[in-house]
Amino acid sequence: MSDLTLEYVVLKADVVQVLTPEQAWHYKVVPYKQEGDQWCFYMDENSYDQSISDELEVLLGLNISLEKKESIVIHNTLTRYYRHDQKDNKLSAKAFEGKSDDFLKDVIAEAKRIRSSDIHIETYQDRCRVRMRIDGMMVERYVLTKEEYPSLINKIKIMANLDIAEKRLPQDGRIFFNEPGSGKFDIRVSILPTLHGEKVVLRLLNNDATGIDINTLGFAEEDLVNYLDGIRRPHGMVLISGPTGSGKTTTLYATLKLLNKETRNILTIEDPIEYTLEGVNQVQLRENIGLTFGSTLRTFLRQDPDVIMVGEIRDPDTASMAIRASLTGHLVLSTIHTNSAWGTVSRLLDMGIPPFMVASTLNTSVAQRLIRLLCTHCKKKELVSKNLYPKQFVPFRQVEYHYAAVGCNECYHTGYKGRKAVYEVIPIDEELAEVIKNAKFTVLDLLKEKGIKTLSENAFELFENGQTTIEEVYPLFVNF
């Protein structure tokens, strides 16, 4: 695709990292290719000055040629590839380099600044790269040499108190990051041996739960009523299902924040502790010393709890202990990996929990996903065409207009800005409890009679209301 057909220049990650965001914005230049030992830069035509090339050559240690480019193209390119806080436009003396002592700290600080949830540091046969997950999508940010990669991995291991000599087995750790300008937050570290070396994933954890509000997460009105009814019961289980990164922990903490009263004793066992909440007693899982979900739950029952939150039900032992806790008069909140809210019932039965125990303890089953929202500044209204819907996609209702993702400075030319959770909430009443006792699984018609909306229905409403695109909604129709 030619960059002349776009409002910005398409850049590769190894080209982008020649400049820091501060340098690019200060000089209003973007590098776009390398020819031999010479780097070709575009510069804003309104501030074009050939002498700037000499200044950049001294600053970067490169041989540079400058070309004029339209101001709007330069601005859009800078916005897309050089995200930064424009209030802080101080120059860095050197562009990012893997061998730099500050490279790792700079990458983490940048990820936090642009609201990235994960940093992926990966190695392949001939190249290494750094990618970031922004609004659920992976974006390549930097390219490293094979020589620089091992030292970067060792730095991460040292910061996370891991064994730098161990390169054959996976390792998990934690980094407490505290740098001026970036704030204080925790980072979960996961190291995985791969064919060409060790891959590292850094999960940035948002420790502050004060801004989480259950009313703004994305619950439909009826779903919120059903969910609040479930968590207000004095005992039983409320389970939230969904894949990794679907916002389950955020929903749980919004729930704990609501339940967190002086009159309640709340205990949690988590891996890792992603948020801190004053008034809640939180325990970090440590399986290497025997502090597992199951063993901790046994101890919790002797701690006079009112509410227990278990990070994840991942094995029969944890499931049976959660059931036991709910049977003895406690409200148990947890997550589980299934594709739908009703799939949670099947999963518990597969773990060996008797149907009558599931029926008598499960209050509410929830499934959730995160969907990217269209940028309100640039989304474009269009007529729905025959080719809009993918094959085998059957819309719930006929829609005359939809909104397409365009891209602007506000959304860094992605077309999307922010995400919203969609939910499927099933309150387990007497009729559904009887279905569970009889181990029946064909309940779609019954759920429809009760007016319970599925994930795909709630997602389609976001598309229908012009908040997202069919590309974001379609995966939910594939799963169900």
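Predicted model: local features only at pLDDT ≥ 70, side-chain atom pairs only at ≥ 80, totals over all residues.
User: How many helices and strands does the protein have, and what makes it count as compact?

Analyst: The protein has 16 helices and 18 strands. Its radius of gyration is 26 Å, which is close to the 23 Å that the globule rule gives for 480 residues, so the protein is as compact as a globular protein of that length. Along its principal axes, the C-alpha trace spans about 80 × 60 × 45 Å.

User: What share of the residues counts as buried, and what share of the contacts joins residues at least 24 apart?

Analyst: Of the 480 residues, 50% count as buried, and buried here means under 20% relative accessible area. Among contacts between residues at least 6 apart in sequence, 64% join residues at least 24 apart. The protein exposes about 23,700 Å², and carbon and sulfur atoms supply 48% of that area.

User: How far apart are the mean positions of the positive and negative charges?

Analyst: The protein has 58 positive and 67 negative charges, and their mean positions are 2 Å apart.

User: Are cysteine 378 and cysteine 40 called buried or exposed, and why?

Analyst: Cysteine 378 has 11% relative accessibility, so it counts as buried, and cysteine 40, at 4%, therefore counts as buried too. Both values are set against the cut-off for buried, which is under 20%.

User: Why is arginine 115 called exposed, and where is it found?

Analyst: Exposed means over 50% relative accessible area, and arginine 115 has 73% relative accessibility, so it counts as exposed. Arginine 115 is found in the loop between α5 (103–113) and β4 (116–123), and its phi is near 60 degrees, a positive value in a residue other than glycine.

User: What makes asparagine 161 exposed, and what is its phi?

Analyst: Asparagine 161 has 69% relative accessibility, so with the cut-off at over 50% it counts as exposed. Its phi is positive, about 55 degrees, although asparagine 161 is not a glycine, and its place is the loop between α6 (149–159) and β7 (171–179).

User: Why is leucine 56 called buried, and which residues does it touch?

Analyst: Leucine 56 has a relative accessible area of 0%, so against the cut-off of under 20% it is buried. This residue lies in helix α3 (residues 52–60), and, not counting residues up to four places away in sequence, leucine 56 touches Tyr27, Val29, Phe41, Gly61 and Ile64. Leucine 56 and leucine 19 are 37 residues apart in sequence, and their C-alpha atoms are 9.8 Å apart in space.

User: Which residues of helix α11 are buried, and what covers them?

Analyst: In helix α11 (residues 343–350), the buried residues are Gly343, Thr344, Val345, Leu348 and Leu349. Their cover includes β10, α10 (316–327), β14, α12 (355–361), β15 and α13 (430–437). Just after α11, glycine 352 takes a positive phi of about 95 degrees.

User: How do you know that threonine 344 is buried, and which residues is it in contact with?

Analyst: The relative accessible area of threonine 344 is 0%, so with the cut-off at under 20% this residue is buried. Leaving aside its neighbours within four places in sequence, threonine 344 is in contact with Leu239, Ser241, Ile336, Thr338 and Ser365.

User: What makes isoleucine 266 count as buried, and which residues does it touch?

Analyst: Isoleucine 266 has 0% relative accessibility, so it counts as buried. It lies in strand β11 (residues 266–270), and, not counting residues up to four places away in sequence, isoleucine 266 touches Leu256, Leu259, Asn260, Val280, Asn281 and Val307.

User: Which residues of helix α7 are buried, and what covers them?

Analyst: In helix α7 (residues 221–231), Asp223, Leu224, Asn226, Tyr227, Leu228, Gly230 and Ile231 are buried. The elements that cover them include β10 (236–241), α8 (248–259), β14 (331–336), β15 (362–374), β18 (416–427) and α15 (455–464).

Notes: Residues numbered from 1 in each chain as written. Heavy atoms only, no water. Helix = DSSP H or I, 4+ residues; strand = E, 2+ residues; numbered from the N terminus. Rg over C-alpha atoms; globule rule 2.2 N^0.38 Å. Buried < 20%, exposed > 50% of the residue type's maximum accessible area, 1.4 Å probe, protein only. Contact = heavy atoms within 4.5 Å. Areas by Shrake-Rupley, 256 points an atom, 1.4 Å probe, with all protein chains shown as cover. Lys, Arg positive; Asp, Glu negative; His and termini not counted. Charge placed at Lys NZ, Arg CZ, Asp CG, Glu CD.
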